[in-house]
Amino acid sequence: MIVTVAIIALLVLPTAGEPVPGKAAAVGTVQPSAPSSTQPEAAPEAVPDLPSGEPPQPVTATPEFAKQVKANELGLIPVIMYHRIMKKRLASIDRTPSQLRQELEKLARQGYVPITAREFAAGDIRVPAGKFPVVLTFDDGHASHFALDAQGAPKKDTAVAIIYDVARKYPDFRPVATFWINSYPFGLQSQTDQAKAVQWLNEHGFEVANHTWGHPNLGVLPKKKVREQIVRLERLLKKLGAPLSDTLALPFGSMPHPKKVARTGSWGGMSYDFEGVFLAGAEPSLSPYAKKFDRNAIQRIQSNGKRGECRKWCSQYWLEWLNKHPGERFVSDGDPQRISIPRKSRGNITAKRIGQVNPY
């Protein structure tokens, strides 16, 4: 069943016993230092160490090992969609820092390990054996997603800071996510600040990718305007020193006509060709190895409770459903070179992946 829904510090202090700038170290009799007309500069505060976003070391999965960990790499994968992270929610799709933290900690306790949308769409799923991939996605490049504090660390209660907090508490929880941005990433006005933010995220393993220039409803735009919206954002990423996008999230989940223009095209002498195009709802995605997987329209789940329309279509409902139906969930074999599945599922794999199948 595929349902498409369009949704319009640790601070490092000077070492004890370290000589104070402007004073001589104590050796024998201390001589008074010469008077200084200027006060010594304070040492800069160090940035706390951050958990690594590197993927885990792979293993070699035999059929026996795959059976032991109950691997099912044709199972469903939750791709969770977040918008603003605010202490006081202004819209139903907003989440508070506490709500985000609680959901991520629940994912970690249940055995989910984050991967980026780029990795997911490319089928580059590197998750420890017996664990479940999850894709954390944040739309619109809001200021609540990422900012740096005075020490150069992710600012408290931003999405990135919360992801790192959870990774410190649960070491298997890989601190990565995808941020789909528009023309003013993270609310920053100057391109210098934008470049610093985008490059910081890329250097730390996060994905920053295309959500169009102005967040229009692509379903009502002519093809040329759709291409312009996508390419203008790609040009911005290039100007900011970031890699060009491998993925696109459709504003409002609204598909242009024809839908192929969202995935490949060109405008003004620049082209794009995405690994995957993501919708705005409303159920877990098929595995990228599945025969029926459609990379032109990848499902996501809105992060929310079980009220109103979210009684069935949002993250709380679907995470509970996957826990009740573990045989339907993607379970990793820990081996990125093999695709381990129950033998009865061989007919559901996409043809180009047949050579990687490790049936049991």
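The structure is a predicted model, in which local features need pLDDT of at least 70, side-chain atom pairs count only at pLDDT 80 or more, and totals for chains, interfaces and linings use all residues. Residues are numbered from 1 along each chain as its sequence is written, and side-chain values use heavy atoms, with hydrogens and water left out.

Turning to the overall picture, the protein has nine helices and twelve strands. These elements are DSSP runs numbered from the N terminus, helices being H or I with at least four residues and strands E with at least two. Of the 360 residues, 49% count as buried. The protein exposes about 17900 Å², and carbon and sulfur atoms supply 52% of that area; accessible areas come from the Shrake-Rupley method with a 1.4 Å probe, and for residues only the protein chains shown count as cover.

The structure holds 15 salt bridges. One of them joins the side chains of Asp 165 and Arg 101, at 3.0 Å from N to O. Asp 165 belongs to helix 4 (residues 159-169) and Arg 101 to helix 2 (residues 97-110), so this pair ties together parts that are 64 residues apart in sequence. Both partners are partly exposed: Asp 165 has a relative accessible area of 31%, and Arg 101 has a relative accessibility of 24%. The two residues also take part in a network of salt bridges that links Arg 101, Asp 157, Asp 165 and Arg 168.

A further salt bridge is found within a single helix. The side chains of Lys 225 and Glu 228 meet at 3.5 Å, N to O. These residues are three apart in helix 6 (residues 223-239), so about one helical turn separates them. Lys 225 is partly exposed at 43% relative accessibility, whereas Glu 228 is buried, with a relative accessible area of 16%.

Key. Buried < 20%, exposed > 50% of the residue type's maximum accessible area, 1.4 Å probe, protein only. Salt bridge = Lys/Arg side-chain N within 4 Å of Asp/Glu carboxyl O.
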